[in-house]
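I opened the model to look up a few items and note them here. The entries follow the order in which I checked them.

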Amino acid sequence: MKMEDMILISVDDHLIEPPDLFTRHVAAKYRDQAPKVITLANGEERWIFEGKQLGTVGAAAVAGRSREERHLEPANYSQLRKGCYDVHARVEDMSANGVLSSLCFATLTGFCGEVFLKGQDKQLMEALIQAYNDWHIDDWCAAYPGRFIPVAFFPLWDIDAAVKEIRRAARKGARAVTFPENAAALGLPSIHTGHWDRVFEACVEEDLVICIHIGTGGGFRFPSLDSPADVAITTMNITLADCAADLLFSPVLRKYPTLKFALSEGYMGWMPFFKERADFVYEFHRFWTGQDFGDKKPSDIIRRHFLLCFTEDPVGVKCRHDIGIEMITWECDYPHADSTWPVSPERVWPSLKDLPDNEIKLITHENAMRYFRFDPFEHIAREQATVGALRKAAAHIDVRPIAGKGGHRPGKEISGVVSARMLMEMNKQMDVGLLESKAAGG
C-alpha cells in the first residue's frame, strides 16, 4: 500500500459552534435565554449564557496557524479557520488533509456537556442539550452523509432525562455519547455506586459507544503551581489510564459485558504495561481486594471493552499486537494544537508503511467503522475515499500556515518557561467579567 491509498477516519476531532446554533433548534420559549455571541468593547467575541461570559469563541482552535503562533487564543470568528465552525469548509479541510470521516466533539458545552451541568435552570439546560444534539445530528452531520460520526451528550444531573435523551439521540442517528472521565470530580456520583446503571443499560440497548475525552475529569493536573506547562501537556493523554483502571475494577464492565468505551485522545503506548500491571495486581492482590473476574484476566476485559486512538504513537504501533490491534484507531484532533492537519498522512505514514495492508486498514478506518457501526461507503465510493482521491478533489484549498492572524495574548509577552501559575493567571485575564468589559451591540 502507498500513503495515497490509505483511508483515514478520525475518531477525535472538535468543532467550534457557529453563532447561530441555537436560532433554529431551541424551543421558542427558551430562545431568548439560549447562549448567544456578543462583541465586547475590546473587539473580542464571547458566548454569554445566564448572564455570564464563557471562554473565547475559538477555544484552542488554532488549525492553520504557524506553530510559533499556536499559543494565541482566537478571540473572534474572523481569527478562526472557517473549517472550525462551517461544515462546508470543514469537509473541504478534511479532504485537503486526506481524511474521509470525522467524529467531532463540542467546545461551547464542554466535551461531555459539563458546562450545562453548572447551569441554574435545569429545564433550560435540557432544552439546550436537545437543541445542540439536533443541530449536530441534523445540520452538521447530515449535511455530508458518510463524512461524520454523530456523537451526542445528555443531562448529567438527571438519570431519567439522561436515558430519555440517549434514546432520542440514538433514534436520530447518534453512534456515540459522551461521559466524563471522572464523574466524581464534577460533583456527581462515581461509577461505583450504581447511580449510572440505567445510562449504561440504555447505551447497551441502543448499541452506542461511550466516548470519554481527556479533560472531562477536572482539567489539567500539575504536581505544583511551579511546574512548567509542559508537564501537564506531556501527561494529559495518559490520565485516561486512571479512568480505564477505575472502570476495569468497578462493577460496570461485569454488569454490562457488551458496553463499549472509547478513550478519546488517550493515545495507546502505555497500554501494554497497563494490561500487564492490571493482571499482576489481580493475581497478587485479589484475595484481599475482593475482585473476581471469574475465568478472565483484567487484560481480557480491557480488550473487550476499550477503543484507543492516536495521532502519532510509533511505540504504540510497534506494540499493536500486545495492545490488541482491533482496539486501535486513528485521530486528527482538528483544530487543536496537537493536530497534524494538514499533513496528517505524511506524519502517520512512517509508523504504518511497513505493516501488512490488512493491519493498516484496521487501524486507519476498519476498526472505527466496526466499533461505531458506521459505514461511509454507503454514501461514498471507496475509490473516492482515499487520501489521494480526497486531496485531488480539494486541490484548490489553501492549507499554507498563516501568520499574523491575531488572537488573545494575555498580559505581557511571554518570556522564559511558562508555569502552571502563569497559565492560571492567563485564564483569569481571558475570563473578563461583563462588568469589566462592556458589550458592544448586544
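This is a predicted model: local features need pLDDT of at least 70, side-chain atom pairs count only at pLDDT 80 or more; totals for chains, interfaces and linings use all residues.

**Salt bridges.** I searched the whole structure and got 20 salt bridges. I then looked at single pairs.

I looked up R24 and found its salt bridge with D139, with the closest N and O atoms 2.5 Å apart. R24 sits in helix α1 (residues 21–25) and D139 in helix α4 (residues 122–141), so this pair ties together parts 115 residues apart in sequence. R24 is exposed at 57% relative accessibility, while D139 is partly exposed at 23%.

Next I took K172. Its side chain meets that of D134 in a salt bridge, 3.5 Å from N to O. K172 belongs to helix α5 (residues 159–172) and D134 to helix α4, so parts 38 residues apart in sequence are tied together. D134 is buried, at 14% relative accessibility; K172 is partly exposed, at 29%.

K172 also forms a salt bridge with D138, the closest N and O atoms being 2.7 Å apart. D138 is partly exposed at 34%. I noted that D134, D138, E165, R168 and K172 are linked in a network of salt bridges.

**Helix α11.** I listed the buried residues of α11 (residues 298–305): P298, S299, I301, I302 and H305. They span an arc of only 160 degrees around the axis, so they lie on the same side of α11. Among the elements covering them I noted α10 (271–289), β10 (306–310) and α15 (357–371).

**H71.** I placed H71 in the loop between β4 (52–56) and α2 (87–96). H71 is partly exposed, at 43% relative accessibility. Its C-alpha is 8.3 Å from that of A337, though 266 residues separate H71 and A337 in sequence.

Technical notes:
Residues are numbered from 1 along each chain as its sequence is written. Side-chain values use heavy atoms; hydrogens and water are left out. Helices (H or I, at least four residues) and strands (E, at least two) are DSSP runs, numbered from the N terminus. Buried means under 20% relative accessible area, exposed over 50%, partly exposed in between (1.4 Å probe, protein chains only). The arc is that of the directions from the helix axis to the C-beta atoms. Contact means heavy atoms within 4.5 Å. A salt bridge is a side-chain nitrogen of Lys or Arg within 4 Å of a carboxyl oxygen of Asp or Glu.
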